[in-house]
Amino acid sequence: MSAVTWTPAGDGDYQDIRYETSGEPHAGIAKITINRPEVRNAFRPQTLMEISNALEHAREDTSVGVVILTGEGPLAFCSGGDQRVRGDTGYLTEPGKPAAIGRFHVTDLQIQIKRLPKPVVAMVAGYAIGGGHVLHLVCDLTIAADNARFGQTGPKVGSWDGGFGASLLRDLVGPKKAKEFWLLCRQYDAQQALDMGLVNTVVPLDRLEEETVQWCDEMLALSPFALRLVKSSFNAHEDGYSGIQQLAHDTNLLFYASEEAQEGREAYKAKRAPDFSRFPRRP
Ligand code: S0N
């Protein structure tokens, strides 16, 4: 496969991430890299706000069809919440200020990844641990390097993610194994992760990006609207009314292109009664 040329994109002044898009012959991919290798790519609120901003760019950019989420370097995808800025009421944007109010910025980001109408692929080298493990869970696909290690540490560090961290993990590996993750806080290697259905494939570390880009290229050759609907179909039952809303609004997008919908719009603008008589009442 020919090498990928990555070009910085988005707002360009990120501190904690890199946001890049691919050039020909692999155009159509946006890559978000958590760039805090000194802490195994742990995220602080700033990191999460920047990933969120980059995802919004990827969503709005009609040349982008697939997003890769990854971590800088071979040692970690992400080691979860940066424990140095964990306050008494969540994670702090102004660490050191005794009165600072924290929150979980990661909640919104997890939902944003799940609802993004383009596939998101986790490209995992090294550790995907704690909240970093949950980030790969919410991605649509996971390509793992052979040095990848997966696990939850919550009960070790006095926390847990009973939302996606429990439910999506249970969906993927079954309830007994998911409880093992959380109740024992063990780590699992890439082959174990593949065997339990936690990742899509495992490749040698030096082929990780090549393989991930190949999977992206395959998706980019497919119908973008069909991929959008496939993703929202998987999401529909998990996301309650919001999931159904996404599917429903996607059907609106298609219906707007029809003469039947346009008759309603044109009649309103012309201040006349709409005439739907020429449209079939489908069996
Ligand atoms: C990743 C691990 C296994 C890597 O081990 P390794 O390779 O031996 O490296 P270390 O020497 O341990 O680490 C290198 C340097 O990086 C720092 N560092 C690593 N991880 C973190 C981190 N998460 N926060 C801050 N610093 C980190 C090390 O301290 C070391 O620094 P120096 O060189 O200065 O000593 C290993 O590092 C490890 O186990 N890390 C901790 C993993 C962990 O427990 N993460 C937090 C788990 N919790 C969450 O992620 C919760 C996230 C969250 O936001 C949330 C979401 C929903 C609901 C609740 C929560 C919640 O927080 O409660």
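1. Beyond its neighbours within four places in sequence, threonine 201 is in contact with Thr142, Ile143, Ala144, Leu194, Glu211 and Trp215. This residue belongs to strand β11, which covers residues 201–203. Please note that the model is predicted.

2. Is threonine 201 buried or exposed? Its relative accessible area is 17%, and because buried means under 20%, threonine 201 is classed as buried. Histidine 57 is 144 residues away from threonine 201 along the chain, and the C-alpha atoms of the two are separated by 28 Å.

3. The largest nonpolar core has 47 residues. Those with the most contacts inside this core are Tyr19, Ile32, Val67, Ile113, Leu135, Phe150 and Leu198. Helix α1 supplies the largest share of the core, five residues. In soluble globular proteins, nonpolar side chains tend to be buried together.

4. Asparagine 41 is located in the loop between β3 (29–34) and α1 (45–60). Its relative accessibility is 0%, so asparagine 41 counts as buried. With residues up to four places away in sequence left out, asparagine 41 touches Ile34, Asn35, Arg36, Gly71, Glu72, Ala76, Phe77, Cys78 and Ser79.

5. Which residues are closest to the ligand? They are Gly81, Tyr91, Gly131, Thr153 and Ser159, out of 23 residues that surround the ligand. By residue class, this shell divides into 10 nonpolar, nine polar and four charged residues.

6. Serine 79, one of the residues touched by asparagine 41, has a polar backbone atom 2.9 Å from a nitrogen atom of the ligand. In the side chain of tyrosine 91, an N or O atom is 2.9 Å from an oxygen atom of the ligand. For glutamate 38, a backbone N or O atom lies 3.4 Å from a ligand oxygen atom. On its own the ligand has 1100 Å² of accessible area, of which the protein covers 65%.

Technical notes
Residues are numbered from 1 along each chain as its sequence is written. This is a predicted model: local features need pLDDT of at least 70, side-chain atom pairs count only at pLDDT 80 or more; totals for chains, interfaces and linings use all residues. Side-chain values use heavy atoms; hydrogens and water are left out. A residue is near a molecule or strand if one of its heavy atoms lies within 4 Å of it. A polar contact is a pair of N or O atoms within 3.5 Å; within protein, one must be able to donate a hydrogen and the other to accept it, and residues adjacent in sequence count only if both atoms are side-chain atoms. Accessible areas come from the Shrake-Rupley method with a 1.4 Å probe; for residues, only the protein chains shown count as cover. Ala, Val, Leu, Ile, Met, Phe, Trp, Tyr, Cys and Pro count as nonpolar, Asp, Glu, Lys and Arg as charged, and the others, Gly among them, as polar. Helices (H or I, at least four residues) and strands (E, at least two) are DSSP runs, numbered from the N terminus. Buried means under 20% relative accessible area, exposed over 50%, partly exposed in between (1.4 Å probe, protein chains only). Contact means heavy atoms within 4.5 Å. A nonpolar core is a set of buried Ala, Val, Leu, Ile, Met, Phe, Trp, Tyr and Cys residues joined through side-chain atoms within 4.5 Å.
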